[in-house]
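Good morning, and thank you for coming. Please look at the sequence and the structure on the screen while I speak.

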Amino acid sequence: MSYEKELAAAKKAVSLAARLSQGVQKTLLQSEVWTKSDRTPVTAADFGSQALVSIVLERELQPETFSLVAEEETGELRKKGSEVFLEGITKLVKDTLASEESYADSPPLSTEDVLNAIDCGKSEGGCSGYHWVLDPIDGTRGFVRGEQYAVGLALLVEGKVVLGVMACPNLPLASVVCETDKSSKENVGCLFFATSGSGAYVQPLEGNSLPQKVGVSSNENLEEAKFLESYHKPIPLHSSIAKKLGITASPVRMDSQAKYAAVSRGDAEIYLRFTLSGHRETIWDHAPGFIITTEAGGVVCDAAGKSLDFSKGKYLAHKTGIIVTTKKLKPCVLKAVREAMEEEKLISETHNRNCTLSVYV
Ligand SMILES: Nc1ncnc2c1ncn2[C@@H]1O[C@H](COP(=O)(O)O)[C@@H](OP(=O)(O)O)[C@H]1O
Ligand SMILES: [Mg+2]
Ligand SMILES: [Mg+2]
Ligand SMILES: [Mg+2]
């Protein structure tokens, strides 16, 4: 199946959500950053983007049943005292929809409509049927700092990711790793997309340039390889793995799934994601990046080399870290991962090397 209609709707939804978020990022004040119960940040852009994508997908596809697995919830927004914040989010969604010619005659949008659109994202996903998977702002911490973030949307069919779209409004059109002037705000803004079996593509977020096919790096010389990791806490295991591989460059740290996008177009060969705590990975943090990278010729697997399983609901079922690399480098990266884990006593040497993990704290 080609998923042409779904892809067009997803690109439209994600591009509009990126437009909304760019406006918010320019004027965001620290006082407008809320903290969720898990102590992670959330902003009007996270809620607005989720409402917008939900509304656009419904309008464009008019599905009989619409299932969306998305990050944000309306609990706090429905509480007394949130009225002004909610009005602001509603205005953002309205203004962004109004900026799109094809929605010029749309019916007015109330705060309740916006809340309901966000609530559409309550689906649990699973192994049967169609489920849209959305991270309305991925890398909210980066977004708040004025740095990298992404809007990621994917479609799961019978538990498999078949389509992914990712907007990276601050990602340079050229390599993010070679970018010398990090403060440069010019020539940024990429829209990546992929459907299963048809390859991965990128186009500028603004303008009408045609999409270009992307492919992972063909470099096999690890001394020259670059590796990516999350911005927040340095993970000691990552540096042990990099050392074993003979990587000489320091890791490039950036927020969000833009890391997957960077691997998909060959900016870097490796993205490592081991966590310091028992954090459970959600499917919206990986599904768009997963299909874009695999369609670009890369691999995304756990420390045992197993591909990720998106069919088990909101969370990925894997227990160990996530490794994103090229097919050529996969065997040596996995070997280095196994050795580094054994050394740090994260894996028992007597086990059958099938990655049974002792508690990683
Ligand atoms: N302690 C933790 N360990 C690992 N991932 C975490 C985490 N706390 C939050 N996250 C997830 O990591 C995502 C950001 O990834 P990255 O570090 O690569 O930018 C967050 O997405 P959101 O920003 O959408 O909430 C969140 O889902
Ligand atoms: Mg996220
Ligand atoms: Mg998010
Ligand atoms: Mg979040």
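I shall describe the sheet, then the helices, and finally a set of annotated residues.

This is a predicted model, in which local features need pLDDT of at least 70, side-chain atom pairs count only at pLDDT 80 or more, and totals for chains, interfaces and linings use all residues. Residues are numbered from 1 along each chain as its sequence is written, while chains are lettered from A and ligands numbered from 1 in the order in which they are written.

Helices (DSSP runs of H or I, at least four residues) and strands (runs of E, at least two) are numbered from the N terminus. In what order do the strands of the open sheet lie? The seven strands follow the order S3-S4-S5-S6-S7-S8-S9, with mixed pairing; two strands pair if DSSP finds at least two bridges between them. Strand S3 (68-70) and strand S9 (212-214) are the edges, each pairing on one side only. From one strand to the next, the twist averages 20°. Angles here run from 0 to 180 degrees between N-to-C directions, and axes are lines fitted to C-alpha atoms, for helices over the stretch in contact.

Strand S4 (residues 130-138) and strand S5 (residues 150-157) pair in the antiparallel sense over seven bridges. Trp-132, for example, has Leu-155 in S5 as its bridge partner.

We turn to the helices. Helix H1 (residues 4-27) lies across S4, S5, strand S6 (160-172) and strand S7 (188-195), at about 30° to S6. Helix H2 (residues 44-61) also packs on the sheet, where it touches S3, S4 and S5.

How do H1 and H2 pack? Their angle is about 155° and their axes are 9 Å apart. The two helices are therefore roughly antiparallel to each other, a term for angles over 145 degrees. Residues count as in contact if their C-beta atoms, placed from the backbone, lie within 7 Å. Among those meeting here are Ala-13 and Leu-20 in H1, and Gly-48 and Leu-52 in H2.

H2 also packs against helix H3 (residues 83-98), at about 50° and with axes 9 Å apart. On the H2 side this contact includes Phe-47 and Ala-51, and on the H3 side Phe-85 and Ile-89.

Finally, an unreviewed UniProt entry annotates Glu-71, Asp-135, Ile-137, Asp-138 and Asp-285 as "binding site"; such annotations may be inferred rather than shown by experiment. These residues are spread over 215 residues of sequence, yet they cluster in space, with a largest C-alpha distance of 9.8 Å. Asp-135 belongs to strand S4.

How values were computed:
Contact = placed C-beta atoms within 7 Å. Parallel < 35°, antiparallel > 145°, perpendicular 65-115°, else oblique.
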